[in-house]
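User: I have a model open and would like to learn how to read its features. Please take me through them one at a time.

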Amino acid sequence: MKSIANKIERDWRQLLAHCFPKILLNILPYFACQNQEDSEIALKREKAHKVYDMLKDENCLGKQLMDNLIHSNLPEIVVEVLMTLHEPVNIKPGEESALTRFTGDLDPIPNPPHFPSYVIKATLDYISGCHKTKSKSLVAVLSKNPESFQRILFAICKQLSGTSNVYQKHRNLMIYHFFVTLLLKEIKDGLGGAWAFVLRDVIYTIIHHISNRPLLLKGVSLRSFLLCCDLLSRVCHTAVTCCKDALGSHLHVIIGTLIPIVGEQPEAQEEVLALLKYLVVDNKDNENLSQAIKHLDPFPDHPMFKELRTTQQKIKYNRGKFSLLEEINHFLSFDISDALPITRLEGLNDLRKQLETHKDQMKDLMKASQENPKDCIIVKLMACLLQLSKTAVNSTDTVLEAVGSCLGEIGPINFSTTALQHSKSSSYYSAVDLFEDRELQCTFIMLSLINNALIDHCIEVRSAAAACLKNILATKTGHTFWEMYKSKADTMLIYLHPFRVSKKKLLEVSVNVREKPLEDLNNTNLWIPQSRSHDIWIKALTCALLDGGGVKSEVLQFLKPLCEVQTDFCQTVLPYLIHDILLHDSNQSGQALLSTNIQGFFTTCCKFAKAPSRSSTPVNSDPDSETLVCGSLDKISRRAMLAVVDYLRQQKRCV
């Protein structure tokens, strides 16, 4: 260790402390297996004791520093222990676990060290026993710092997404199943306030894995799929029993994900149908779930779903049949995650039937749309359908076909400029209603967006969202928002609880002042896409604005991690960044700079938009000009900049 430290020019004790979680990994499991009589294990246990005694020596780390390192690195130590889990096929009687049925004869043995689940459980119990607290389990110890659950779950998910090897992915899923099962056993105690975050995070992690299943399930991929179904069933049963109405807000996504499986995967059909019947039929009289069941999309009109369909419709139509307007409002009542358009398939199919059946009522709604297009339900439905088609482009053709069928039933409508106003998210209107202060409105909108990013299918987005959240909630603005908003009947703060910092840490946090001059933004290449794709361009632009020194908002300054990885977030944030720069532009230099460059963007778009129509014009021989055309004509980029202009026009000007 000293030799390596010298080579990389680091203090050897610091290097040892940095590697401490991995070092303990080779010690603690052998301490926990004191009763095993295996000679090889006994030899390794003796060696582990010697290493531990050496580390404890004051000439090395010393006991005090080791205790501090164990306390501060507990989540990392737990992750290291968990990642050694390997459940063997030929397990001894009495050592079986919930994971045994998901093992396979061909599962490769990982690199040492690796241990069966009962050793991992014993090791985690040993770690909790080392803490000088009254807590009886490791989960109870971790509950004292709720962020630990997020860090551990994220670390396992990162390993899951970081491998394409199906066997390694399956082993990581088994690790995830093992740890989540430990959490479910104690979720009734609150997990230090992190229970809602954990419940939602686990549900969406499983849903994303189920949704991304291969078309042909066999061997290890089938076992991984069945493991996900088993874990989802455990989560749902625990949530219904211990978490009151918490499952209701996730029921639509769960049901919508499971329905297609019944017909596609015969091996999992019985298990999935059992879970569906538990959620809908067995809990039809459950006051915590009945409202969520009422707002579900209908089940398919198929014999396998007969009981489910009848039960759901009985709850939905308990006061009589719906008119077409009520059916459309029912369809629009659920704001589905953009990442999961497939969960709306049955709702789209039913909506098409309703539109087809009630042509007479459709005429009345179309007439109303011409009289008052701004508040017309048909325009809202069209916007919803178009958004669904946009998000479904990269997922499945079945959703696109269903959307197309609905649009076909609606037919052409006479849009107006009133109806085509730039749409705002529901969080924008909620922010205006809740707060008068502009900074608090902005905080609410940003936290709502980040809260949604926490359940994104992309692990990089979830990581960036967590980083943004922790920093924002550590600002004075974040703290003020929390204190003012905590009395509202909203679940958002419950999900964000693990990222909240203590008041002591809050006082230590200071917003970094960017020293780069605003003039760095005066770069044509930054404002015009040129040969870059829209994704690359808008990420570069938003990050440059954040680095430019003109953004002063405490909340906005901490958005860069998410701006680096999520295009949609950049598009939403861009108007707020530019507005904040203008608000703090004391000498109006920023106003001139932004106006010039935004005008240049549209000038470039208009200039090259005319070029294709001149058929007699010879082919442009300038390759740079040609790439500029391709980039600058990106419709998505133009919409993003138009949204900036639209937003700025609606803001009050500072006198």
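**Reading the fold**

Analyst: Of the 655 residues in the protein, 50% are buried. Buried means under 20% relative accessible area, exposed means over 50%, and partly exposed lies in between (1.4 Å probe, protein chains only). This is a predicted model, where local features need pLDDT of at least 70 and side-chain atom pairs count only at pLDDT 80 or more, while totals for chains, interfaces and linings use all residues. Residues are numbered from 1 along each chain as its sequence is written, and side-chain values use heavy atoms, with hydrogens and water left out.

User: How many helices and strands are there in the protein?

Analyst: Helices (H or I, at least four residues) and strands (E, at least two) are DSSP runs, numbered from the N terminus. Here the protein has 35 helices and 0 strands.

User: What share of the contacts joins residues at least 24 apart?

Analyst: Contact means heavy atoms within 4.5 Å. Take the contacts between residues at least 6 apart in sequence: 72% of them join residues at least 24 apart.

User: Now helix packing. At what angle do H11 and H13 pack?

Analyst: Axes are lines fitted to C-alpha atoms, for helices over the stretch in contact, and angles run from 0 to 180 degrees between N-to-C directions. H11 (residues 166–185) and H13 (residues 220–242) pack at about 15°, and their axes are 10 Å apart. H11 is therefore roughly parallel to H13. The cut-offs: under 35 degrees is roughly parallel, over 145 roughly antiparallel, 65 to 115 roughly perpendicular, and the rest oblique.

User: Is the crossing of H11 and H13 left-handed or right-handed?

Analyst: A crossing is left-handed if the near helix is turned anticlockwise from the far one by less than a right angle, and right-handed if clockwise. H11 and H13 cross in the left-handed sense. Residues making the contact include Leu173, His177 and Leu184 of H11, and Leu227, Leu231 and Val235 of H13. By class, the contact of H11 with H13 has 12 nonpolar, 5 polar and 3 charged residues. Ala, Val, Leu, Ile, Met, Phe, Trp, Tyr, Cys and Pro count as nonpolar; Asp, Glu, Lys and Arg as charged; the others, Gly among them, as polar.

User: How do the axes of H14 and H15 cross?

Analyst: The axes of H14 and H15 (residues 266–280) come within 8 Å and cross at roughly 145°. This crossing of H14 and H15 is left-handed. Among the contact residues are Ile254, Leu258 and Ile261 of H14, with Val272, Leu276 and Leu279 of H15. The contact of H14 with H15 has 14 nonpolar, 1 polar and 1 charged residues.

User: Next, the backbone. Which residues does a cis peptide bond join?

Analyst: Look at omega. A cis peptide bond, with omega about 0°, joins Pro112 and Pro113. Pro113 sits in the loop between H7 (74–82) and H8 (117–129).

User: What is phi of Glu9 near, and where is Glu9 placed?

Analyst: Phi of Glu9 is near 60°, a positive value in a residue other than glycine. Glu9 is in the loop between H1 (2–7) and H2 (12–18). It is exposed, at 72% relative accessible area. Lys244 is another case: phi is near 50°, again positive in a residue other than glycine. Lys244 lies in the loop between H13 and H14 (251–264). Lys244 counts as exposed, at 64% relative accessibility.

User: Is Thr123 buried or exposed?

Analyst: Thr123 is buried, at 0% relative accessibility. It belongs to H8. Leaving aside neighbours within four places in sequence, Thr123 contacts Leu28, Pro29, Ala32 and Val81.

User: Where does Gln312 lie?

Analyst: Gln312 is in H17 (residues 306–316). Gln312 counts as buried, at 1% relative accessibility. Beyond neighbours within four places in sequence, Gln312 contacts residues including Ile293, Leu296 and Phe299.

User: How many disulfides does the structure hold?

Analyst: A disulfide is a covalent bond between the sulfur atoms of two cysteines. The test is a pair of cysteine sulfur atoms within 2.5 Å. The structure holds 0 disulfides. Among the cysteines, Cys442 is buried at 3% relative accessibility, and Cys130 is partly exposed at 49%. Cys458 is partly exposed, with a relative accessible area of 24%. Cys458 lies in the loop between H24 (438–453) and H25 (459–472).
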